[in-house]
Amino acid sequence: MIISSWNIRGLNDPLKQVEVKFFLRKYKVDVLGLLETRVREHKAAAIFKKSFSSYKVINNYSHHCNGRIWVIYNPRTVTISSTLMHDQLILLEVLYHATNSIVSITIVYGSNSALSRSSLWNVLRDLSVGQDSWLVLGDFNIVKDFGERLGPNPLLLNDVLAFNQCILDCALEDVHSTSCVHT
């Protein structure tokens with residue numbers, strides 16, 4: 001099963017829609033979390049129908065006015081049920097048809113505000129209880145250490161420590177990228 005996430009930073013541009021469609025097909029992605037779509041809810045159905053009609057979508061417009069998270073998936077290869085919506089995450093139960101196996105996947109788009117992210121850490125801690133096979137991916141809007149940061153925005157030590165503590169509390173493991181830009 002191929003699972004990916006992408007902070008698209010806006011999906012209103014038709015060229016970006018073509019790029020996502022190409023990515024889905026080229027890499028045979030089964031589940032794709034699109035983050036920071038910046039698509040208003042009244043435009044979402046038209047964009048989805050035009051560019052992704054052979055896929056299905058789950059989004060979190062019911063929890064955030066900007067629908068910060070879209071999950072696009074291939075219904076020929078996976079069956080998905082959404083078990084929890086939040087303004088910063090969507091928890092999914094994914095049945096992979098090829099192996100008849102089920103995995104829990106959480107797609108995250110963390111708030112830019114450290115205060116708001118603290119509620120995300122609490123939700124992740126609650127979700128981690130009893131998880132056997134759980135993948136958490138996305139954009140947390142914070143890094144594990146100062147060396148990972150790109151860009152001019154300052155980092156606060158307490159924010160980095162809070163993220164690392166959440167990773168420890170949830171017994172998560174960081175999977176490092178090896179080559180692909182889209183990880």
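Author: What follows is a set of questions and answers about terms and the values behind them. This is a predicted model, where local features need pLDDT of at least 70, side-chain atom pairs count only at pLDDT 80 or more, and totals for chains, interfaces and linings use all residues. Residues are numbered from 1 along each chain as its sequence is written, and side-chain values use heavy atoms, with hydrogens and water left out.

Reader: Why is Q88 called buried?

Author: Buried means under 20% relative accessible area, exposed over 50%, and partly exposed in between (1.4 Å probe, protein chains only). Q88 has 1%. That is under 20%, so Q88 is buried.

Reader: Where is Q88, and what does its side chain reach at 2.9 Å?

Author: Q88 sits in the loop between β5 (78-85) and β6 (89-96). Helices (H or I, at least four residues) and strands (E, at least two) are DSSP runs, numbered from the N terminus. The Q88 side chain reaches the backbone oxygen of S116 at 2.9 Å.

Reader: What makes the pair of Q88 and S119 a polar contact?

Author: A polar contact is a pair of N or O atoms within 3.5 Å; within protein, one must be able to donate a hydrogen and the other to accept it, and residues adjacent in sequence count only if both atoms are side-chain atoms. The side chains of Q88 and S119 are 3.4 Å apart. That value is within 3.5 Å.

Reader: Which residues of α1 are buried, and what puts them on one side?

Author: Q17, V20, F23 and L24 are the buried ones. They cover an arc of only 125 degrees around the axis, so they lie on the same side of α1. The arc is that of the directions from the helix axis to the C-beta atoms. On the other side, L15, V18, F22 and R25 are exposed.

Reader: What do the buried residues of α1 pack against?

Author: They pack against β1 (3-7), β2 (31-35), α2 (41-51) and β4 (69-73). Contact means heavy atoms within 4.5 Å.

Reader: How do you know that β5 and β6 pair?

Author: Two strands pair if DSSP finds at least two bridges between them. Seven bridges join β5 to β6, and the two run antiparallel.
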